[in-house]
Amino acid sequence: MKGVVFVGFFELVEKEFGYEMVDKLIDSCNLDSDGIYTSVGTYDHSEMVQLVTKLSEFSGIGVPDLLNTYAKYFGKTHLRKYESFYQEATDTFSFLESIDGHIHVEVKKLYPEAELPKFSTNKLSDNKLELLYSSKRKMGDFAEGLILDTADYYNEKIEIQKKNIEEDGSQVLFTITKI
Ligand code: HEM
């Protein structure tokens, strides 16, 4: 997993819980990186799993909520730096439709070691889109937060229905309705 995901995570932990929580997390996890991350570095995905699980334990907030909230922060801060991707799309649906065939393809060119999910889309009508998420990293809750953040960017209101296609969360179907 790219370091930028860890850097953003620690920014938000420090902002919301204070630096002591950052220290506590690093001390209580078994991290090959020793908790030292750079944006362009690449680290084992299991470090993120450990960190989020421990943060859930310490804060009493469930892992899905933490990932969802974190994704919204990550979108507003780190993803907004990729301005042209947002400008090329006209609304939430066209942006989401461009992730798999364009955005993540460009990300992979920049960072060949990036581990990205697969998305397929199915436009049911002008205001309904199905998005199928597939990834062995099982970060559907992170994807949900990024979808909500995308709608924020385009000033659109959406409702998301989520259904696990694979019980372990490696495939999740989102049905997104503009309201
Ligand atoms: C400007 C737009 C975007 C950029 C530049 C971008 C880039 C990235 C990068 C750099 C990673 C980390 C890969 C790694 O750690 O190895 C990532 C992961 C991920 N992205 Fe995107 N992304 C964008 C939009 C989105 C959106 C809108 C969604 C949701 C619909 C999404 C879903 C995900 C998920 C769920 C992951 C975690 C890895 C996984 O589940 O396998 N991305 N993305």
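Which helix gives the most residues to the shell around the ligand? Helix 8 does, with five residues. The structure is a predicted model, in which local features require pLDDT of at least 70 and side-chain atom pairs count only at pLDDT 80 or more, while totals for chains, interfaces and linings use all residues. Residues are numbered from 1 along each chain as its sequence is written, and side-chain values use heavy atoms, with hydrogens and water left out.

Two or more residues are given to the shell around the ligand by each of helix 5 (83-88), helix 6 (92-97), helix 7 and helix 8 (140-153). Helices (H or I, at least four residues) and strands (E, at least two) are DSSP runs, numbered from the N terminus.

The iron atom of the ligand has a single protein donor, NE2 of H104, at 2.2 Å. Donors are N, O and S atoms within 2.8 Å of the metal (3.2 Å for Na, K and Ca); water is not among the atoms, so sites may look incomplete. H104 belongs to helix 7, which spans residues 99-110.

Around the ligand there are 27 residues, of which K2, H104, E115, Y133 and S135 come nearest; a residue is counted if one of its heavy atoms lies within 4 Å of the molecule. By class, this shell comprises 21 nonpolar, three polar and three charged residues. Nonpolar here denotes Ala, Val, Leu, Ile, Met, Phe, Trp, Tyr, Cys and Pro, charged denotes Asp, Glu, Lys and Arg, and the others, Gly among them, count as polar. Oxygen atoms of the ligand are placed 2.6 Å from a backbone N or O atom of K2, 2.6 Å from a side-chain N or O atom of Y133, and 2.6 Å from a side-chain N or O atom of S135.

Strand 1 (residues 118-125) and strand 2 (residues 128-134) pair in the antiparallel sense over seven bridges, where pairing requires at least two DSSP bridges. Two residues link these strands in a hairpin, and S125 has K128 of strand 2 as its bridge partner.

Key:
A polar contact is a pair of N or O atoms within 3.5 Å; within protein, one must be able to donate a hydrogen and the other to accept it, and residues adjacent in sequence count only if both atoms are side-chain atoms.
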